[in-house]
Amino acid sequence: MKLPNHLPSLFHQRRALLLALVALAAALVLLAAPRSANAATTTVRVGQNASGAAAQRFNPASITISSGDTVRWEWFNGSHDIQSTNAPGLSSGPRAGFNSPGQAYQYAFTTAGTYTYYCDEHAGPSDAELDKIDQSLAGGKMVGKIVVQQAAGGSLSLSARPVTFPAVALSGMDQDIDAALQTWRASDARGTGAGWNVTITGANLTSGAQVIPADRVKVRLLQSRITIVSGNTAPQTQIADYEPLNPAAPLKLLRASAGTGMGTYDFIPDFRLTLPASTWLGEYTAALVVTVNSGP
Ligand SMILES: [Cu+2]
């Protein structure tokens, strides 16, 4: 069907009217990037000394870690490598080996079990067999053993919600606009009592080529808006009064000191946008980054 040729101009009029009514819609889109920062890294020194009995050793040669932890081998002395017949990530590891400062290799063990490895310049695969590894370790051979225990606790997690500002009509003056309230949730199921914190990093709001600077958005978290869903002492707000978001540095919003915050907590941050009088019409968005981090 052929459209009547006057229709396009009607559409234009209708669109202009819409824009006049909805002068500006500003929305912040949040990207929640929770990090489970409870994993640890254990360093193993490769070739502890230049000479003597401990020269051709991994040190410590026998370690116990939790699933999700990383082992990092760092070169100290001599020429060595790491080979394994049972450790994922090591069987195809750095065969060329370690022979100069700064060389390192790391691998995160995600599955519980006992893993063994050897330097194939100073030991052999049979030295690292599971039923011989303890004897080889006792005999000072250049072998290593990693016991990976299933991590007992759960994880540190965060559920952050999008922040949405209502559409407003431009008034020729700066205007404060409050975002709709949303409940966020943080959980610490690690069972370590290590404490944790939530940070938020700002970003400029953009609409095409137009920009509203990140620090025009402020955030606060009232202590009365932090509730215990289940768990011990609630975390504490770190921003009780409005503070501008910073695109260059994360702001700490919430903090659970050691031994607290073990459980699940809801919190409702307030976001306020000070819209400049000189704002161009448009729909603005920004990607904030919110993270939950281990440690107070
Ligand atoms: Cu070696």
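**Strands and a buried glycine in a predicted model**

Colleague: Where do I start with this one?
Modeller: Start with a strand pair. Strand E12 (residues 184-188) lies antiparallel to strand E21 (residues 263-267), and four bridges link them. Keep in mind that this is a predicted model.

Colleague: Which residue in E21 is the bridge partner of Ala186?
Modeller: Ala186 has Tyr265 as its bridge partner there.

Colleague: What sheet has E12 and E21 in its order?
Modeller: An open sheet of four strands, in the order E9-E12-E21-E17, with antiparallel pairing.

Colleague: Which strands stand at the edges?
Modeller: Strand E9 (156-159) and strand E17 (226-231) do. Each has a single partner strand, so one side of each has no neighbour in the sheet.

Colleague: By how much are neighbouring strands turned against each other?
Modeller: On average by 15°, with direction ignored.

Colleague: New topic. How many helices and strands does the chain have?
Modeller: Two helices and 24 strands. The chain has 296 residues, and 30% of them count as buried.

Colleague: And the contacts in the chain?
Modeller: Take those with a separation of 6 or more: 75% of them are between residues 24 or more positions apart.

Colleague: Let's look at E16. Which of its side chains are buried?
Modeller: In strand E16 (residues 217-220), Val217 and Val219 point to one face and are buried.

Colleague: Why do they alternate?
Modeller: Side chains in a regular strand alternate between the two faces of the sheet.

Colleague: What does E16 pair with?
Modeller: With strand E22 (residues 270-275), E16 forms an antiparallel pair over four bridges. Lys218 has Arg272 as its bridge partner in E22. E16 is also joined to strand E19 (residues 243-244) by two bridges, again antiparallel. In E19, Glu243 stands opposite Val219.

Colleague: Now Gly202. Where is it found?
Modeller: Gly202 is in the loop between strand E13 (196-201) and strand E14 (205-207).

Colleague: Is Gly202 buried or exposed?
Modeller: Buried. Gly202 has 25 other C-beta atoms within 10 Å, and the cut-off for buried is 20 or more.

Colleague: Which residues is Gly202 in contact with, leaving aside its neighbours within four places in sequence?
Modeller: Ala214, Asp215, Val217, Leu245, Asn246, Pro247 and Leu288.

Definitions and conventions: Residues are numbered from 1 along each chain as its sequence is written. This is a predicted model: local features need pLDDT of at least 70, side-chain atom pairs count only at pLDDT 80 or more; totals for chains, interfaces and linings use all residues. Two strands pair if DSSP finds at least two bridges between them. Axes are lines fitted to C-alpha atoms, for helices over the stretch in contact, and angles run from 0 to 180 degrees between N-to-C directions. A residue is buried if 20 or more other C-beta atoms lie within 10 Å of its own, exposed if 12 or fewer, and partly exposed in between; C-beta atoms are placed from the backbone. Two residues are in contact if their C-beta atoms, placed from the backbone, lie within 7 Å.
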